[in-house]
Each structure stands twice: as C-alpha cells, then as structure tokens.
Amino acid sequence: MAACGCAATAPPAAGPARSVGAPSHSATPSPSPSPSPSSLPLAGRIVGIDPGHNGGNFSDPGYIDQQVWNGQEYEDCDTTGTEAADGFTEASFNFDVATYLQADLIALGATVVMTRDSNDGVGPCVTTRAQIINDAHADVALDIHADGGPVTGRGFTVLEPVADGPNDTVITASQQFGADVRSAILLYTPMPESDYYGTDGVISRDDLAGLNLTTVPKVLVECGNMPNPTDAALLQSTSFQQQLAKAFTAAIIAFLTGQPVSGPAG
Ligand SMILES: [Zn+2]
C-alpha cells in the first residue's frame, strides 16, 4: 500500500538541501480581445506545484537517502519514485503534468512556484519542497505523483494532511481542495477512483513531509497506478496529461473562488 514510495524510517541526521527550483514568474500575452491582466480568474493568486521526485535521483542514492525530519518521523530526503513496466518513470510523468499545469495557470494570471524546474536534477528533499511553497505564501498547492501499487490495481487517490501542529490551520481548507481535485479528475479525465487504496479516491496521510509541514492548503495526488497496464497507458499519453492539468486548473479555480468545479467546456 506504499504511496509514491515515500517510506518513513527512524534513524537520525537531517541533511542540507541541494537543488532548488527557481520560482517561475512570467506573463502571458493576452488573448484577443485582450482582457486586462487583473480580469483573469487567477490574477494575483500564487499556486505551488511540487512535481514529485526528480529524473536524476536514480544517480545519487547518497543524496536522496539522507534522513530528514518530516514533522512526525525521519524519512528519506527523496526517493526515485516508481515506474511503468516499460521504464517510463513517475518523475517524468510528474514533471510533464506540472509543466502543462504551470502553463495553464500562468495563462489565467497566476504566479506559479515550482519546486523543481527540470527533470534531470537531484532532489530537492521533501522538506525543502514544502519550505519553498510555504515561503512563497502560496494560496493553494498540489504535490503531483503516480503510485506504485499492485499490478491489478487501478485509479487515482487524493492524499490529505492530518493536523500535526505546523499544518493545523490548513486542514479544513486542504480537505475542501481535495474534494475539488477529486471531482475535477472525475469530470475531466477517464481515470477512476482507486480500487485498492483509500476510500472513494481519498485518504488521509500523517507520514509525508509535504503534507505534515505545509502551512498552505495542499493535497498530494497519486494520479494513477504505474504498474497497471491500463493506467500506465493513460499516464504516458499526452492527451491524458493535458486533461489532468485542466482538471487541476478547474479545481484550483473552484477552491480559490468558492464555486463548484466547472466541467470541461463544450
Ligand atoms: Zn511519488
């Protein structure tokens, strides 16, 4: 039942962070008939995106295996993530979806803060990823992953934080955002709720740094199960990755405006 390979262990010694993705701030040319930037639905909003793992993690076990305190216990600084049977990596999937989502959000006026800006680096540690998004004072944030569950299992799961001190003030908001994310995935994509993990596509987790240490509303999404051939085919398809980005965008708009999730146009 391991979600995203984020195993927690108990030895000591936290290590320093190494690579940190630069926050992205960019403006997009206004589409005709040129609404003013302030009229865009996400104008003035800050969104944090954490694409889990990194493509270079396989090459540096000494770095990613260092132990960091996640608020409840020690866990690995980062992990390699899982992969499909054909070698397509979770790190690549996470970054692809994050890149589509970043572009969609910027086009709607948001400022987007990414925890990494390529898929060929190492880290940063999960604790640093949480800190980058906290320091940016994001209005809402999303950790993007795919699971390494049983080969017969299918579907997505939204992981929500459990109150532990640092995150106490964002539990209710994170649960609301989680509900929006769940609704949006069902509306925008063919991926079903998980049939092996969580209940109705949702589970609470108290052992992950990204959720334990967050001071902004945040959920972690296991977007599908990479070892399952049906899920793997979806996860590797550009069209599904773009649908997922549209789903997350709709969930973010719904959460930030207090409106129900809007379905796909047309
Ligand atoms: Zn993962």
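Analyst: The accessible surface of this protein comes to about 10,500 Å², and 56% of that belongs to carbon and sulfur atoms. Such areas come from the Shrake-Rupley method with a 1.4 Å probe, and for residues only the protein chains shown count as cover. The model is predicted: local features need pLDDT of at least 70, side-chain atom pairs count only at pLDDT 80 or more, and totals for chains, interfaces and linings use all residues. Residues are numbered from 1 along each chain as its sequence is written, and side-chain values use heavy atoms, with hydrogens and water left out.

User: What makes His53, Glu90 and His145 donors of the zinc ion?

Analyst: Donors are N, O and S atoms within 2.8 Å of the metal (3.2 Å for Na, K and Ca). Here His53 (NE2), Glu90 (OE) and His145 (ND1) lie 2.1 Å from the zinc ion, so they count as its donors. Water is not among the atoms, so sites may look incomplete. Along the chain, the donors follow the spacing H-x36-E-x54-H. Histidine 53 lies in the loop between strand E2 (46–51) and helix H1 (61–64), and histidine 145 in strand E6 (residues 140–147), so the pair ties together parts that are 92 residues apart in sequence.

User: How are those helices and strands defined, and how many are there in the protein?

Analyst: They are DSSP runs, numbered from the N terminus: helices (H or I) need at least four residues, strands (E) at least two. The protein comes to seven helices and nine strands.

User: Why is histidine 53 called buried?

Analyst: Buried means under 20% relative accessible area, exposed over 50%, partly exposed in between (1.4 Å probe, protein chains only). Histidine 53 has 1% relative accessibility, so it counts as buried. Histidine 145 is buried too. Of the 266 residues of the protein, 53% count as buried.

User: Is histidine 137 buried or exposed?

Analyst: Histidine 137 has a relative accessible area of 62%, so it is exposed. Histidine 137 lies in the loop between H3 and E6. Its phi is positive, about 55°, although it is not a glycine. Histidine 53 also has a positive phi, near 65°.

User: Which peptide bond is cis?

Analyst: The bond from glycine 123 to proline 124 is cis, with omega near 0°. Proline 124 sits in the loop between strand E5 (111–114) and H3.

User: What makes a space a cavity, and what makes it a pocket?

Analyst: The search runs on a 1 Å grid over the protein atoms alone. A cavity is a set of points where a 1.4 Å probe fits but cannot get out; a pocket is an open set with protein on both sides within 12 Å along at least five of seven lines. Lining residues have an atom within 4 Å of a point. Grid points are joined across faces, edges and corners, and a volume is the space filled by probe spheres set on the points.

User: How many cavities are there of 30 Å³ or more?

Analyst: The count comes to two. The largest cavity holds about 110 Å³ of space. Its lining has 13 residues, with Val126, Asp143, His145, Gly210 and Leu220 nearest its centre.

User: How much space lies in the second largest pocket?

Analyst: About 160 Å³ lies in the second largest pocket. Of its 13 lining residues, Tyr188, Thr249, Ala250, Ile253 and Ser262 are the closest to its centre. Helix H7 (residues 238–257) gives the largest share of the lining, six residues.
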